[in-house]
Amino acid sequence: MSSDEDEAFRDFVAGQRRALLRTAYLLAGDHGHAEDLVQVALLKTHRHWARVISRGDPTAYVRRVLVTTHTSWRRRRASTEQVLETMPDQAGPAVPERDDELLHALRTLPPRMRAVVVLRFYEDLSEAQTAELMGCSVGTVKTQSSRAMARLRDLLTPAAPDRPVPTTSRKAGRP
Amino acid sequence: MTADSTLENDLRARLHAAAEHGAWHPGMGDDAAVDDVLERRRVQRRTRVAVLSAAACTALVVAMVPLLLGATGPAGQTATPSAVPPSSDGVTDESIQAQLPVDLLSAPTRGSLAGDAAYVEAVRTADWTDLSGGFAQVADRRVAFVGDVPGGRWALVVGQTGGRLAHQWFTGPPGAAAGELVADRSGVESEGDAFVYVLPTGSHQAPGSPPGAGTELTEVDELTVVVVAQPGDVVQVSDRVVVEADGAVSRDFVPAPGGDGVAVTQLPGTVLDTSEGSSSAVFRLVRDGTAGPVRTLGLSDPLVLTDPPPLDLRPLRPGSSDVSPDLVRFAAVEVARHVGLPADQLDPQVLWSGPVSAGDGQISVAMVALRMPSGALVVNTAYAVMTPGTSARDTPLSAVGGCGAETHAETAVVDDLAVLSRCSVPGDLGARETVYVGSAPPVAQEMRGAGTYGSDEASWVVRLDQGHGSLAGGEYDTASFIGPGYALLDQPVAVDPADVLLGGPR
């Protein structure tokens, strides 16, 4: 790969990595694995970088790799690791509060079902776009989405009219 | 605003808030991330060059191996353990292995090609082009398994990296040379104390195909399964739940072929749920005579999955009306996925179906009876929330759920069954409405029972219309169906199919 292509890759990462981390966090459920997931997706993308950028904006390609990597990534964490996240106690911007109930609920979904939820309701992709990205039929997306909503309905506390969205400051930290 | 849209809107808000939390982690910076990618790519390229160089020397190595190794075991037997390679990151083997769920670094290479030293070495040094299982330097790798499997030739390479065990599966066609094995697959599964790989038999990814490329998966004849655990472990596999002729439910675990902590086996493709990639099959390890927890066996590769076709069936009982074929299929598949057979091979029949009042709206309900190979019957009920202006037949599965399942002995006749299912239906603002739906032969004129309603004890009687009726609210475990010359007393309310069918973790 030429230095120009490497530089283009660096620019792309600078522009898109934060968004990829957000999606990966919802897919993986914790910061460490989200970062690993994004790194693997970027590595796979870099292997085909010249071909990817020749087709236009590489964002969709990377997102697809991110999701397919996630759906195949049945890690040993499920039974052997416990995710403990701590934030540094130092002054800085407010940190959004972690929604443990939501993250737990997402973790109970099979990887593909979780991906459908994230793509449909976080990325706001249509059923057709989700199907295209995941390489499956629209019917499969619909079914997975229905099953996911049925499960989440049982797992998530119903929204009260005055229930605040969990974006308030809990602990100081830095981005 | 409907309950569905409320849940979706709430979910959207919570996902965005949670994602913001994810973005605030003080992890690796963007430049460091790029540097890491570029460094890994340089390592990969160096490894590829090394493999090519090794290939050029293959003829010489093959000629010399018998002389260098002396009497090695024939293919199909376990090879002699070799020294654990030193870690390139300075961490001692002991400290690493103490943290590893599976101590494969000191275990011998297993599999039918374990005795082929040249082949093993070529696999050990092969390029790791997929890193979803982590990455280990070549010097830190061992071949845990290499051998012929039904429909191909597979290998599992493991390696120490920091305190973790990285691993890479390789696959190739039958008789493939080491250089023909492909590591591009993303599918990796590790269950803590075993490494598992499950693919449709004969499935191979073409070298150089892009990541995520899959195959449309509409029908799978057989699955190839490889489990690599500790030497000495016995791998037991159960391919499905069995419903006996008397309605009793069990699983049979049998030792899988392979031995010494490795299983190389096949499962019928019918065990696969093609809509999720999960299967009815499970396995467990027996170590020192003690059976470990039951683990699922699902597809390891992100193949393109498809739903089975809808079941467009006419309901049997008078007073029924047609519901969506997708709902009928949903009810049938919820049972079929446990017993490992396609729903259409279980003689599905719709006992009763139609719309039922629930809260301020309606649900469409389907009671589906399936005949097990033993002759036993399993009845499963499912609902879909109806949207105003649509019929039960046209109701989409935007909000769907189960109302419970029950088993009956082979002597049971579908027409004679009396079923009481409990549907927990989403209402406004996420509240749940409990609706009991009963169906019995038309001779039954009422169903009655007792239990609690809120904090009060309550008894109830529902007048049936052609054997059908429903009841809102309360907590009841049994019901009796009564008519002229007819009495079915204390019939248990149906429960979750996963509980009825001992499906194990999914």
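User: For the strands, two of them pair if DSSP finds at least two bridges between them. Given that, which residue in β28(B) stands opposite B:Ser439?

Analyst: B:His468 does. Bear in mind that this is a predicted model.

User: How many bridges join β25 and β28(B)?

Analyst: Five, and the two strands run antiparallel; β25 of chain B covers residues 432–439.

User: And what order do the strands of that open sheet take?

Analyst: The order is β24-β25-β28 in chain B, three strands with antiparallel pairing. β24 (419–426) and β28 (468–472) of chain B are the edge strands, each pairing on one side only. From one strand to the next, the twist averages 20°.

User: Switching to helices. At what angle do α1 and α7 of chain A cross?

Analyst: Roughly 145°, with the axes coming within 9 Å. Helix α1 spans residues 3–28 of chain A, and α7 spans 111–121 of chain A. The crossing of α1(A) and α7(A) is right-handed.

User: Which residues meet there, α1(A) against α7(A)?

Analyst: From α1(A), A:Thr23, A:Leu26, A:Leu27 and A:Ala28; from α7(A), A:Arg114, A:Ala115 and A:Val118. By class, the contact has five nonpolar residues, one polar and one charged.

User: Last one, B:Ser353. Buried or exposed?

Analyst: B:Ser353 counts as buried because its relative accessible area is 1%, and the cut-off for buried is under 20%. B:Ser353 sits in strand β20 (residues 349–358) of chain B.

User: What lies 2.7 Å from a polar atom of its side chain, B:Ser353 that is?

Analyst: The backbone oxygen of B:Ser321. B:Ser353 also touches other residues, including B:Pro315, B:Asp322 and B:Val365.

Notes: Residues are numbered from 1 along each chain as its sequence is written. Chains are lettered from A and ligands numbered from 1 in the order in which they are written. This is a predicted model: local features need pLDDT of at least 70, side-chain atom pairs count only at pLDDT 80 or more; totals for chains, interfaces and linings use all residues. Side-chain values use heavy atoms; hydrogens and water are left out. Helices (H or I, at least four residues) and strands (E, at least two) are DSSP runs, numbered from the N terminus. Axes are lines fitted to C-alpha atoms, for helices over the stretch in contact, and angles run from 0 to 180 degrees between N-to-C directions. A crossing is left-handed if the near helix is turned anticlockwise from the far one by less than a right angle, and right-handed if clockwise. Contact means heavy atoms within 4.5 Å. Ala, Val, Leu, Ile, Met, Phe, Trp, Tyr, Cys and Pro count as nonpolar, Asp, Glu, Lys and Arg as charged, and the others, Gly among them, as polar. Buried means under 20% relative accessible area, exposed over 50%, partly exposed in between (1.4 Å probe, protein chains only). A polar contact is a pair of N or O atoms within 3.5 Å; within protein, one must be able to donate a hydrogen and the other to accept it, and residues adjacent in sequence count only if both atoms are side-chain atoms. Lists of a residue's contacts leave out its neighbours within four places in sequence.
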